[in-house]
Amino acid sequence: EDNYQLINKVKKIILDNLDKESLKISHIASETGMSRTKFFTKWKSLTGEAPIELMTRIRMEKARELLESGKYPVNVLPEMIGLKSLKNFRHKYKEYFGITPSESIMKKQ
């Protein structure tokens with residue numbers, strides 16, 4: 001029960017701060033009342049992944065959702081998900097999904 005609450009709280013913190021490139025694991029740890037080290041260890045034991053991987057996954061999934069909605073051009077998405085550089089966003093998106101953001105839009109159509 002407590003573990004589910006922690007997982008949901010962390011996801012909410014990330015989603016509430018998604019547009020902030022400055023969001024750090026230390027901020028999330030602080031919001032959960034833990035030191036960075038304790039948070040990292042607990043999160044890794046609960047989920048098997050590093051907290052930064054969760055942040056990346058949430059950012060990329062949100063980017064894909066926004067892209068596929070057809071409401072936003074590729075060039076505004078980085079800022080919406082906390083990645084200020086378009087080049088960095090395109091690189092991370094392709095690394096995560098195996099296709100570029102533009103290819104993702106084409107695939108949806």
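Let's start with T32: this residue is buried, at 16% relative accessible area, where buried means under 20% with a 1.4 Å probe and protein chains only. Before going on, the ground rules. This is a predicted model, with local features needing pLDDT of at least 70, side-chain atom pairs counting only at pLDDT 80 or more, and totals for chains, interfaces and linings using all residues. Numbering runs from 1 along each chain as its sequence is written, and side-chain values use heavy atoms, without hydrogens and water.

Back to T32. It sits in the loop between α2 and α3; helices here are DSSP runs of H or I, at least four residues, numbered from the N terminus. Its side chain reaches the backbone oxygen of A29 at 2.8 Å. What does T32 touch, not counting residues up to four places away in sequence? L6, K9, V10, I13 and F39, with contact meaning heavy atoms within 4.5 Å.

Now take V10. Leaving aside neighbours within four places in sequence, V10 is in contact with I28, T32, F39, W43 and L54.

V10 also belongs to the largest nonpolar core, which has 26 residues. Such a core is a set of buried Ala, Val, Leu, Ile, Met, Phe, Trp, Tyr and Cys residues, joined through side-chain atoms within 4.5 Å. V10, I14, I28, F39, I81 and F89 have the most contacts inside it. Two or more residues each come from α1 (2-16), α2 (25-31), α3 (36-47), α4 and α6. Which element gives the largest share of this core? That is α4, with seven residues.

Note on methods
Buried means under 20% relative accessible area, exposed over 50%, partly exposed in between (1.4 Å probe, protein chains only). A polar contact is a pair of N or O atoms within 3.5 Å; within protein, one must be able to donate a hydrogen and the other to accept it, and residues adjacent in sequence count only if both atoms are side-chain atoms.
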